Amino acid sequence: MAESTLESPLPIATPRKEHDSSFIRVAKYMSVRLITMAFTVVLGLYLTILIANMGGYVDQIRRGDIREFVQQQVRNDPGLKSLSAAQRSQIIEDRIANQEKRLGLDKPFAVRSFAFLKNAVTLDLGFAEFITADNGSRMVKNIVLERLPSTLMLFGATNIILFFATLFAALSLSRRYGSWLDRFIIATSPMSAAPAWFYGIFLIVIFAAYLHVLPFGGMVDVPPPNNKVDYALSILKHLTLPALALALNQVAFAIYNNRTFFLIYSSEDYVEMAKAKGLTSRDIERKYILRPTLPTNITNFAFLLIGIWGGAPIFEGVFNWPGLGRTQLVAAGLFDTPVILGTTVIFAYLLAITVFLLDFVYALVDPRVRIGSEGAKS
Amino acid sequence: MNSLRRFFKEISQYPSAVIGMLLILGLVIFSIYTVITIPYEEAISLWRGDENVWYRTPKTAQPKWINWFRKDDVPETFWLNTAEGDGTKTEEFSNGTNKIFISLPFEYNSIYFPQEMSIYFTSQFAAKEPFVDIKMITPTGEEIRIGSFAVGRKHTYRFSQDQKLQRRLKGNSPEQGIFMNLTSETEQLRAVPGTYELQIEGVAFEENSTVDVEFVVYGDVYGWAGTDHRRRDISIALMWGAPVALAFGLLAALGTTVMTMIIAAVGTWYGGWVDEIIQRITEVNLILPFLSILIMIGTFYSRSLSVMLVAVVSLSIFGGAIKVFRANFLQIKESPYVEAARAYGASDRRIILNYLVPRIIPLLLPQLVILIPTNVFLEASLTIIGLGDPVLPTWGKLIREGIGNGALLQGQFYWVLQPAVILLITGLSFAMVGFSMDRIFNPKLRSV
């Protein structure tokens with residue numbers, strides 16, 4: 001049903017235009033967007049790398065760590081006990097040089113930053129220093145890709161459901177303007193000021209700590225069920241509280257926002273005209289109210305989603321959700337630079353993909369893009 | 001002045017805005033009170049204090065007010081110090097010995113046992129340590145011998161560590177054995193409320209030698225906010241959290257909105273490549289993962305609140321608001337009065353600051369107020385993921401330490417819920433005012 005809302009009005013909105021040319025225009029618009037987005041991502045990633053290194057401060061810490069580790073190793077090696085102090089310090093220096101070379105610390109940062117950039121763009125993020133993936137791999141790529149699905153499941157699924165739920169709730173609410181439900185939504189809309197993790201704490205206190213009906217956190221029961229159905233149910237059970245927290249954070253404000261735009265558009269002349277023609281209220285809502293507000297609603301949703309991606313580390317931290325965000329927190333605690341950088345890069349990609357996808361949907365629903373009058377500025 | 005009065009008249013039409021403003025006023029007064037009564041240095045030294053500072057407070061004690069909701073009160077924490085004039089202390093010197101008699105009567109009102117009891121002795125002597133003999137008189141007149149020993153200059157006696165006393169109390173732990181009715185078999189798991197008296201007889205062997213005692217009964221409640229796992233009074237962090245949160249929220253919101261507005265004004269006024277660069281920076285900024293970068297800065301560089309403030313502001317300047325401001329500036333730029341200003345030869349700076357910026361203020365103010373709670377919560381978020389200011393006691397730190405030390409698993413909800421509720425009140429009060437302001441200043445939305 002959701003898809004039909006998005007696509008059915010297309011032929012109606014531009015009956016005179018050739019289907020072909022509108023397709024070409026959308027494709028052209030999207031390829032321009034793709035190229036700009038690619039540049040944006042590269043620039044953003046380079047900035048991230050610069051911030052990550054912060055004038056070589058990280059390198060110093062890593063050098064110090066290597067020195068300490070090697071000294072410890074040599075001191076505890078019984079085979080090296082018989083050597084003289086000078087020989088031993090020679091071995092220490094050699095091993096430090098080796099380690100630094102292995103971690104690429106022997107090249108100047110300016111050179112390394114571009115190598116880093118190339119690796120970041122191609123997702124070839126090297127090896128983690130401390131963290132390992134569940135399958136034992138130390139490659140940052142494997143670690144990050146392993147955690148990606150759980151993050152996508154948590155935020156992607158929940159937010160898409162919330163988007164359509166709030167859209168239709170707002171549509172039905174705009175019909176009941178001034179009712180107690182309407183006023184309730186307006187009164188509770190400031191709830192969006194508190195982030196989702198914050199409601200998460202209250203929900204955990206109530207449902208996990210006090211009532212003992214839902215788990216504190218995590219993604220599946222320990223040990224995970226063998227049966228596929230049980231596994232899915234277990235995930236659903238663990239997903240309830242995070243989803244509820246996201247809903248508490250967004251629902252009131254999203255409905256309020258959407259409803260405001262619906263109300264603005266429902267007082268337009270063409271809506272009055274449609275009413276006068278005797279169209280069913282269902283048709284009026286779908287074609288004359290929902291349709292023109294879609295671009296605005298999608299933009300609002302885009303900003304919401306971007307905000308939520310940004311808060312992922314703490315949200316996953318509170319719910320102990322084994323996703324990218326929590327991995328990043330763990331990596332930050334261990335000073336595991338490659339993993340911190342890797343997760344940041346993936347988040348940057350996720351944001352870019354979000355922006356791009358929403359641009360794409362925007363291009364589909366905004367007739368200005370297809371007709372070609374004034375490129376849509378999101 | 002007149003417009004300000006009109007604004008207040010209009011905003012008083014919104015009950016949520018009035019409630020919000022009253023709450024904000026209350027928070028500001030609370031913050032000022034906090035900063036005056038507990039100065040910065042004192043708050044930090046108290047919060048970093050160890051068992052020497054917090055020896056009189058129990059571990060993870062609940063706040064006092066939970067007794068209001070209970071049928072049977074749980075014991076409160078109290079202490080009696082002879083050096084501060086509690087109880088009675090008599091001294092009698094004869095034949096080279098100083099006989100000291102200390103009586104510390106106290107009311108025990110709970111049917112639950114205390115967590116712990118300790119006596120802290122301080123004595124003065126030149127060569128020979130004084131000797132003390134301790135007894136407890138129960139409400140029924142029974143006399144329980146606690147113990148007798150010599151005390152040094154500083155001596156701590158902990159009831160729970162006295163094995164001999166435990167044997168004398170028929171194997172009951174001293175905190176329980178002293179307060180329960182040992183003769184009755186059925187009522188052994190309840191403490192007997194009533195007036196108890198701790199008697200200490202001391203003998204000192206020099207003329208000016210004396211003993212002072214501080215008797216501490218560690219209950220299950222303490223203060224109006226309770227204590228944490230390190231015996232610290234949570235109210236210090238609850239109080240100091242307010243000025244920190246308000247200052248961070250206000251500064252970050254102010255810095256962000258003002259900078260954003262100026263950049264948007266400059267971009268739209270000059271247009272061309274300046275505008276283009278600003279637009280591109282906004283797009284790059286949009287895909288920079290905000291919290292991830294703050295995590296990097298916190299991990300690699302510094303966690304101090306001021307560094308975080310600068311980072312937060314500089315990452316938020318090119319946020320979504322710049323597009324809203326830009327769209328409005330583009331309209332204003334075309335207005336006849338700007339054209340007139342240009343015609344009489346006003347400088348760019350004058351046009352931007354005197355003609356463009358003032359017109360955007362109705363849009364800016366709600367934006368500013370709505371950004372405050374966002375930043376208050378951001379500060380808490382940073383603290384909760386371990387990137388908080390290392391020294392300041394804040395609300396986020398309480399939540400983090402509470403969760404980290406199993407407060408939720410062990411049912412110590414007060415530890416996490418008190419700061420969370422205050423955070424919620426702070427956030428909602430600003431948000432309520434901000435949303436109402438938005439409806440007043442942007443009548444397009446108000447009409448519906």
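How many helices and strands are there in chain A? Chain A holds 16 helices and 0 strands; helices (H or I, at least four residues) and strands (E, at least two) are DSSP runs, numbered from the N terminus.

This is a predicted model, in which local features need pLDDT of at least 70, side-chain atom pairs count only at pLDDT 80 or more, and totals for chains, interfaces and linings use all residues. Residues are numbered from 1 along each chain as its sequence is written, while chains are lettered from A and ligands numbered from 1 in the order in which they are written.

**View 1. Overall dimensions of chain A.** The C-alpha trace of chain A spans about 100 × 55 × 40 Å along its principal axes. Chain A has a radius of gyration (taken over C-alpha atoms) of 27 Å, whereas a compact globule of 378 residues would have one near 21 Å; the globule rule is 2.2 Å times the number of residues to the power 0.38.

**View 2. The side of chain B that touches chain A.** Here 42 residues of chain B are in contact (C-beta atoms, placed from the backbone, within 7 Å) with 48 residues of chain A. Among the elements of chain B that each supply at least two residues to this side are α7 (272–287) and α12 (348–384). The largest share, 11 residues, comes from α14(B).

**View 3. Surroundings of B:L294.** Not counting residues up to four places away in sequence, B:L294 touches B:M308, B:A311, B:L382 and B:L387.

Methods. Contact = placed C-beta atoms within 7 Å.
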